[in-house]
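I opened this notebook to record what I looked up in one structure. The entries follow the order in which I took up each topic.

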Amino acid sequence: MIALNNDYRINRCDEQNLILEKRRIKQTGNDKGAEYWQIVGYYGTHKSALNGFIKMELRLTNQDIYTLLAKIDELQDAINALNFANES
């Protein structure tokens, strides 16, 4: 499991697939307030999962171009801090 930030992580689904998951909080029921992880995408490589993460984060940034550019820089820094061994 690779934590991308407090709300997203990449997890291995099987030998060939990775899943991008988002942290959620139950809003109803007996376990209201309980944390769980929702699958938001299936990917074949770490690179494609990271691209999915970027798209998700940018969709949530409904601001002006300067805010978007700052968000892109923030995401790029987070990705650069990760180390994936020998993946193309």
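**Entry 1: A tyrosine at the surface**

I looked up Y66 and found this residue in helix α2 (residues 65–80); helices are DSSP runs of H or I with at least four residues, strands are runs of E with at least two, and both are numbered from the N terminus. The model is predicted, so I noted that local features need pLDDT of at least 70 and side-chain atom pairs count only at pLDDT 80 or more, while totals for chains, interfaces and linings use all residues. Residues are numbered from 1 along each chain as its sequence is written, and side-chain values use heavy atoms, with hydrogens and water left out.

Is Y66 buried or exposed? I recorded Y66 as exposed, because its relative accessibility is 66%; buried means under 20% relative accessible area, exposed over 50%, and partly exposed in between (1.4 Å probe, protein chains only). Y66 also belongs, with I65, L69 and I72, to a nonpolar surface patch of about 440 Å². For such a patch, residues must have over 30% relative accessible area and no salt bridge; nonpolar side chains (Val, Leu, Ile, Met, Phe, Trp, Tyr) are joined within 5 Å, and like charges within 9 Å.

**Entry 2: The chain as a whole**

I counted two helices and four strands in the protein chain, in the order β-β-β-β-α-α from the N terminus. Of its 88 residues, 25% count as buried. The C-alpha atoms fill a box of roughly 45 × 40 × 20 Å along the principal axes.

**Entry 3: The aromatic pair and the core**

My search of the whole structure gave one aromatic pair. Y8 and F53 form this pair, edge-to-face, at 5.4 Å centre to centre and 65° between the planes. Rings of Phe, Tyr and Trp (its six-membered ring) pair if their centres lie within 6.5 Å; planes under 30 degrees apart count as stacked, over 60 as edge-to-face and the rest as tilted. Y8 lies in strand β2 (residues 8–12) and F53 in helix α1 (residues 46–59), so the pair ties together parts 45 residues apart in sequence. Y8 counts as buried at 2% relative accessibility, and F53 is buried at 1%.

Both names returned when I listed the largest nonpolar core, which has twelve residues, among them Y8, F53, L50 and L75. Such a core is a set of buried Ala, Val, Leu, Ile, Met, Phe, Trp, Tyr and Cys residues joined through side-chain atoms within 4.5 Å. Which element gives the most to this core? I found that α1 does, with four residues.

**Entry 4: Salt bridges**

I then turned to charged side chains and counted five salt bridges, each a side-chain nitrogen of Lys or Arg within 4 Å of a carboxyl oxygen of Asp or Glu. E21 and R9 meet in one of them, at 2.6 Å from N to O. E21 lies in strand β3 and R9 in strand β2, so this pair ties together parts twelve residues apart in sequence. E21 is buried, with a relative accessible area of 7%, and R9 counts as buried at 18%.

E35 forms a salt bridge with R23, their closest N and O atoms being 2.6 Å apart. E35 is partly exposed at 46% relative accessible area, and R23 is partly exposed at 25%. K26 pairs with D31, where the closest N and O atoms are 3.8 Å apart.

E74 lies in helix α2 and counts as partly exposed at 47% relative accessibility.

Conventions
Areas by Shrake-Rupley, 256 points an atom, 1.4 Å probe, with all protein chains shown as cover.
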